[in-house]
Amino acid sequence: MTETPSTAGSGGDVRLTGISKTYGSFTAVHPLDLSVPAGSFFALLGASGCGKTTTLRMIAGLEDPTSGSVLLDGTDVTGLPPYKRPVNTVFQNYALFPHLDIYENVAFGLRRRGIKSVKKQVGEMLDLVQLGDFARRKPQQLSGGQQQRVAVARALINHPQVLLLDEPLGALDLKLRRQMQLELKRIQTEVGITFVHVTHDQEEAMTMADTVAVMNGGRVEQLGAPADLYENPSTTFVANFLGTSNLIEAEIAESSGDDLLLKAADSKLRLPAARCSAPTGTGGKLLAGVRPEKVSLVHADEAGSIDDGRNRLTGRIVDASFIGVSTQYLIDSPAGGRLSVYEQNIERDSRLVPGAEVVLHWNPAHTFGLDASQSVLDGTVGGTDEEAA
Ligand code: ATP
């Protein structure tokens, strides 16, 4: 059993008030208020160029904000240089010293502060990142994932209140990245300090973070717990950037009661009023959203087997991709353009092939409503300027 390192429980909260960054006439980060509770794992998620790294660098003190302030554990650190802030940053490229072994890389921060007896702390840190047996190796004798763990140990040994991670897993291949996500989460839970993590990978953010802030065009578009963001996106950008969403243009036919009754082409759909972030007046337009895995598919001949009360749309399969655990269908529907359905491969109907007429159906409770004035393509690959760049 690893002894809990002495950083445990010393996390600090991060508060950004009206912080912004402009370069000439370009605004990389619009005035932003953000509060990260002490001891939490917080992710800034967004496509390339959305301003997440700039935000992180302003917390680290590596970038001067154009306006606003940074408070760490209640203290205003806006005017302090990076080395005077109780934070450390782990970068994608590890930045280990190649000529020093792992032990000395981890000991570096202590030695620089003139601390002579480093053995206990270095030992604790190497145990924390499970590299105790690698102490005398040089960085180039370790895998990418192991090197990144050294970088984390080297940062944590300085007892930061906040650890900033800038795409720390970006250089690793997919499988190793998944492993390291769990590893980083374990380390964060064990040491209990605040982690602020920047990533463009939505799965990475959702796996590790308690709270995710989705950034778009220099603004936080939505912030919340991963499951909450996924189930209740409030914009088309978030609906598309976190996973995939079907967004169906609809008109409100009836708006009394707990459910809104919608008309989409010649179909009627129900939407819980509480899950609608658009105006709910009768006659108004909105986008009815539903996640592909929430939708079931039957051949049109079986339409009679669908329970009453389910939302249903007709369509024709245009593509079916078998990916092992599920089959992903693309369906053209008069109501919603091209829709996606993910069906688990339990009992497959061999008639569900391209060209087949089908009925899509789902529990109305799984429908969410978004403002129709947004583009349905926001947040899709190539659907925004940020991603196209
Ligand atoms: P990535 O994942 O690609 O690093 P990001 O979301 O972290 O993207 P930032 O690095 O924060 O984005 O950059 C935000 C915007 O600010 C980008 O459009 C970038 O080109 C711009 N920017 C960043 N640094 C500077 C600079 N020194 N001068 C001018 N523009 C800059």
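Helices (H or I, at least four residues) and strands (E, at least two) are DSSP runs, numbered from the N terminus. This is a predicted model: local features need pLDDT of at least 70, side-chain atom pairs count only at pLDDT 80 or more, and totals for chains, interfaces and linings use all residues. Residues are numbered from 1 along each chain as its sequence is written, and side-chain values use heavy atoms, with hydrogens and water left out.

**View 1. The whole protein.**
The protein has 9 helices and 20 strands. Its C-alpha atoms fill a box of roughly 80 × 45 × 35 Å, taken along the principal axes. The domain assignment gives domain 1 (14–231) and domain 2 (244–371); such bounds come from an automatic or database domain assignment. The C-alpha centres of domain 1 and domain 2 lie 40 Å apart. Of the 389 residues, 49% count as buried. Buried means under 20% relative accessible area, exposed means over 50%, and partly exposed is in between (1.4 Å probe, protein chains only). Take the contacts between residues at least 6 apart in sequence: 68% of them join residues at least 24 apart. Contact here means heavy atoms within 4.5 Å.

**View 2. Helices α2 and α4 pack together.**
Helix α2 covers residues 102–112, and helix α4 covers residues 144–156. They pack at an angle of about 30°, with their axes 7 Å apart. The axes are lines fitted to C-alpha atoms, for helices over the stretch in contact, and angles run from 0 to 180 degrees between N-to-C directions. The angle makes α2 roughly parallel to α4. Angles under 35 degrees count as roughly parallel, over 145 as roughly antiparallel, 65 to 115 as roughly perpendicular and the rest as oblique. The crossing of α2 and α4 is right-handed. From α2, Ile102, Asn105 and Val106 make the contact; from α4, Val150, Ala153 and Arg154 do. By class, the contact has 4 nonpolar, 1 polar and 1 charged residues. Ala, Val, Leu, Ile, Met, Phe, Trp, Tyr, Cys and Pro count as nonpolar, Asp, Glu, Lys and Arg as charged, and the others, Gly among them, as polar.

**View 3. Loops on either side of α4.**
Gln130 lies in the loop between α3 (119–128) and α4. His159 lies in the loop between α4 and β7 (162–166). Gln130 is not a glycine, yet it has a positive phi of about 55°. His159 is not a glycine either, and has a positive phi of about 55°. Gln130 is partly exposed, at 48% relative accessible area. His159 is partly exposed too, at 32%.

**View 4. Arg177 in helix α5.**
Helix α5 spans residues 174–191 and holds Arg177. Arg177 counts as buried because its relative accessibility is 18%. Leaving out residues up to four places away in sequence, Arg177 touches Leu169, Leu172, Asp201 and Glu204.

Ser267 sits in strand β13. With a relative accessible area of 10%, Ser267 is buried. Its contacts are Leu262, Arg312 and Leu313, not counting residues up to four places away in sequence. Gly281 lies in the loop between β13 (267–272) and β14 (285–290). At 41% relative accessible area, Gly281 is partly exposed. Gly281 touches Ile252 and Ser255, again not counting residues up to four places away in sequence.

Technical notes. Left-handed = near helix turned anticlockwise from the far one by under 90°.
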